[in-house]
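Welcome! Take a moment to turn the model around on your screen before you read on. The notes below will walk you through it one topic at a time.

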Amino acid sequence: MRATGLIHQIRNRLKARDTYTRPEYWDAKASEYSGRAISMWANPNLNQLYDREQKAMLDRYLPAKMEGLECLDAGCGMGRMSLHLAGKGAKVTAVDFSAQTIEAARQQSAHPNIDYRVGSLFELEAEDAYDAVFVWGVLTVACVDAKEVADVMGRLHRALRPGGHFFIMEPLHSMKGLIRVLDLDLGQFCEVMATQGWSIQTIQQLHFWPARLALAYTEVPGAVTSAVYHMGQRAMVALGSEGWGDYKFIHARPS
Ligand SMILES: C[S@@+](CC[C@H](N)C(=O)[O-])C[C@H]1O[C@@H](n2cnc3c(N)ncnc32)[C@H](O)[C@@H]1O
């Protein structure tokens, strides 16, 4: 299974359900790409801009210092969010079902506060173990339907300590061409969350999707990437972000 090249990306997207839900696809990415591109896009300049914007969004909800707090980064990929949390002093359990991605994260994103583990979302058994749980771009490639989302949402709810926080960032869409594997729009996704005891606190939209489509799959020069990205950001504001954000950031708490 090849992960690189635009043609392969398009082929993979056409059979997304049989591709992204398997660790073999992510293992192949780990051997064909390096750095953040292993678990993000092929364009490293876009990854840098997205990474910065996502962490800035998260920081509005996180304390500057997180010493003494325990976090779960479920579907951690190369551990960029784990590193961010560990840098604030949190202890992080970082889990991903791709053994090769975890190996690359151990080598390239090591931190004494991060414990990288190979494991699936569908096997999480922790109870009252974490103060905050993070799922970043994972559920929409891991889950095929509402039943699977409910299963994982229930596991994450049990893993969180009372009073804890849950942070999600996922590409949830009603437009077919933007759907990864999971065919649930934002409203349906939130309904499933509610059935598992989650109360939504905030929803925000990130990353203008037309700019993402134009930039993600190839190594566009940094200046072009930056110009198109910033035009996209301005377009989102001008158009009103509703429907134009590729990713939805959700902050939830146990109800
Ligand atoms: C798009 S990447 C996002 C990685 C990381 N959260 C980030 O934002 O950089 C999706 C990750 O989810 C992992 N993944 C997919 N399905 C999974 C599952 N069922 N259990 C655990 N990890 C899974 C993949 O291996 C991949 O590393």
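The buried residues of helix 11 pack against helix 4 (44-59), strand 6, helix 10 (209-215) and strand 7. Keep in mind as you look that this is a predicted model. Let's start with that helix and then visit its surroundings.

**Helix 11**

- Helix 11 covers residues 222-239, which makes 18 residues. From its first C-alpha to its last it reaches 25 Å, close to the 26 Å expected at 1.5 Å a residue.
- Which residues of helix 11 are buried? They are Thr225, Tyr229, Gly232 and Met236.
- Just after helix 11 comes Gly240, with a positive phi of about 85°.

**Helix 4**

- Glu53 is a residue of helix 4. With 15 other C-beta atoms within 10 Å, Glu53 counts as partly exposed.
- How many residues apart in sequence are Glu53 and Leu206? They are 153 residues apart, yet in space their C-alpha atoms are 8.2 Å from each other.

- Strand 7 spans residues 245-254. Seven of its ten residues are buried, so strand 7 is largely enclosed by the rest of the structure.
- Strand 7 pairs with strand 6 in the antiparallel sense, over nine bridges. In this pairing, Gln204 has Phe249 of strand 7 as its bridge partner.
- Strand 5 and strand 7 also run antiparallel, joined by five bridges. Look for Phe249 again here: this residue of strand 7 is the bridge partner of Met169.

**Helix 8**

- Val149, Val152, Met153, Leu156 and Ala159 are the buried residues of helix 8. They lie on the same side of helix 8, because they cover an arc of only 120° around the axis.
- Among the elements that cover these buried residues are strand 1 (70-74), strand 4 (130-136) and helix 7. Strand 5 (160-170), helix 9 (186-195) and strand 6 (198-208) are also included in this cover.

- Strand 1 is mostly covered, with four of its five residues buried.
- Strand 1 and strand 2 (residues 91-96) run parallel and are joined by five bridges. Within this pair, Leu72 stands opposite Thr93 in strand 2.
- Seven of the eight residues of helix 5 are buried, so helix 5 is largely enclosed by the rest of the structure. The buried ones are Arg80, Met81, Ser82, Leu83, His84, Leu85 and Ala86.
- What covers the buried residues of helix 5? The cover includes helix 4, strand 1, strand 2, strand 3 and strand 4.
- Helix 5 is followed by Gly89, which has a positive phi near 105°.

**The ligand**

- The ligand is surrounded by 21 residues, and the closest are Trp26, Gly75, Gly77, Phe97 and Ala142.
- Helix 5 (80-87) and helix 7 (139-142) are the elements that give two or more residues to this shell.
- By type, the shell holds twelve nonpolar, seven polar and two charged residues.

**Two positive phi angles to look up**

- Most residues other than glycine have a negative phi. The next two residues have a positive value without being glycine.
- Asp128 has a phi near 45° and is placed in the loop between strand 3 (114-118) and strand 4. Is Asp128 buried or exposed? Asp128 counts as exposed, because it has 10 C-beta neighbours inside 10 Å.
- His207 has a phi near 65° and lies in strand 6. His207 is buried, because 23 other C-beta atoms lie within 10 Å.

Key:
Residues numbered from 1 in each chain as written. Predicted model: local features only at pLDDT ≥ 70, side-chain atom pairs only at ≥ 80, totals over all residues. Near = placed C-beta within 6 Å. Nonpolar A, V, L, I, M, F, W, Y, C, P; charged D, E, K, R; others polar. Buried ≥ 20, exposed ≤ 12 C-beta atoms within 10 Å, placed from the backbone. Arc of directions from axis to C-beta. Contact = placed C-beta atoms within 7 Å. Pairing = 2+ DSSP bridges. Expected span 1.5 Å × (residues − 1).
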